[in-house]
Amino acid sequence: MPSSVGLLQAVADPVRWTVMQSLVDGPRCVCTIQEQVPVAPNLLSYHLRVLRDAGLVTASRRGRWVDYALATDAMQRLRAALPGDMG
């Protein structure tokens, strides 16, 4: 598991923050995320990998498509990573 600093670094990028915000309401197909986050597909894949590696999002394959969702403990872990445990 990434350290607190690693978790905060993972969401510090504006693109990754936007991806996280898009997943708050529920799982999204990568095609839907691509519509909401206007970056090149290869760059979106990179940012999704960073979030997966940090354990903040999960991925599941559905045929040709990949659905992404917030990890069940993502928000709790982010709150705990804040200085002084503000959560």
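This is a predicted model: local features need pLDDT of at least 70, side-chain atom pairs count only at pLDDT 80 or more; totals for chains, interfaces and linings use all residues.
Let me begin with Asp 25, which counts as exposed because its relative accessibility is 67%, where exposed means over 50% relative accessible area, buried means under 20%, and partly exposed is anything in between, with a 1.4 Å probe and protein chains only. Asp 25 is placed in the loop between α2 and β1 (28-29), and here helices (H or I, at least four residues) and strands (E, at least two) are DSSP runs, numbered from the N terminus. From C-alpha to C-alpha, Asp 25 is 19 Å away from Arg 62, and the two are 37 residues apart in sequence.

Residues are numbered from 1 along each chain as its sequence is written, and side-chain values use heavy atoms, with hydrogens and water left out.

Now, staying with Arg 62, which residue does Arg 62 meet in a salt bridge? The partner is Asp 67, with a distance of 2.8 Å from N to O between the two side chains, and a salt bridge here is a side-chain nitrogen of Lys or Arg within 4 Å of a carboxyl oxygen of Asp or Glu. By this rule the count comes to one salt bridge. Arg 62 counts as partly exposed because its relative accessibility is 44%, whereas Asp 67, at 16%, counts as buried.

How do the helices cross? The axes of α1 and α2 come within 5 Å and cross at roughly 90°, where axes are lines fitted to C-alpha atoms, for helices over the stretch in contact, and angles run from 0 to 180 degrees between N-to-C directions. The two helices are therefore roughly perpendicular to each other, given that 65 to 115 degrees counts as roughly perpendicular, under 35 as roughly parallel, over 145 as roughly antiparallel and the rest as oblique. On the α1 side the contact is made by Gln 9, Ala 10, Val 11 and Ala 12, and on the α2 side by Pro 14, Arg 16, Trp 17 and Met 20.

For α2 and α4, the axes come within 10 Å and cross at roughly 70°, which makes α2 roughly perpendicular to α4. In this pair, Val 15, Arg 16, Val 19 and Met 20 of α2 meet Leu 44, Tyr 46, His 47, Leu 48, Val 50 and Leu 51 of α4.

Apart from neighbours within four places in sequence, Ser 22 is in contact with Arg 28, Ile 33 and Gln 36.

Finally, let us look at the other end of the chain. Met 75 lies in helix α5 and, at 39% relative accessibility, counts as partly exposed. Leu 82, placed in the segment after α5, is also partly exposed, with a relative accessible area of 31%. The C-alpha atoms of Leu 82 and Leu 8 are 7.9 Å apart in space, although 74 residues separate the two in sequence.

Technical notes: Contact means heavy atoms within 4.5 Å.
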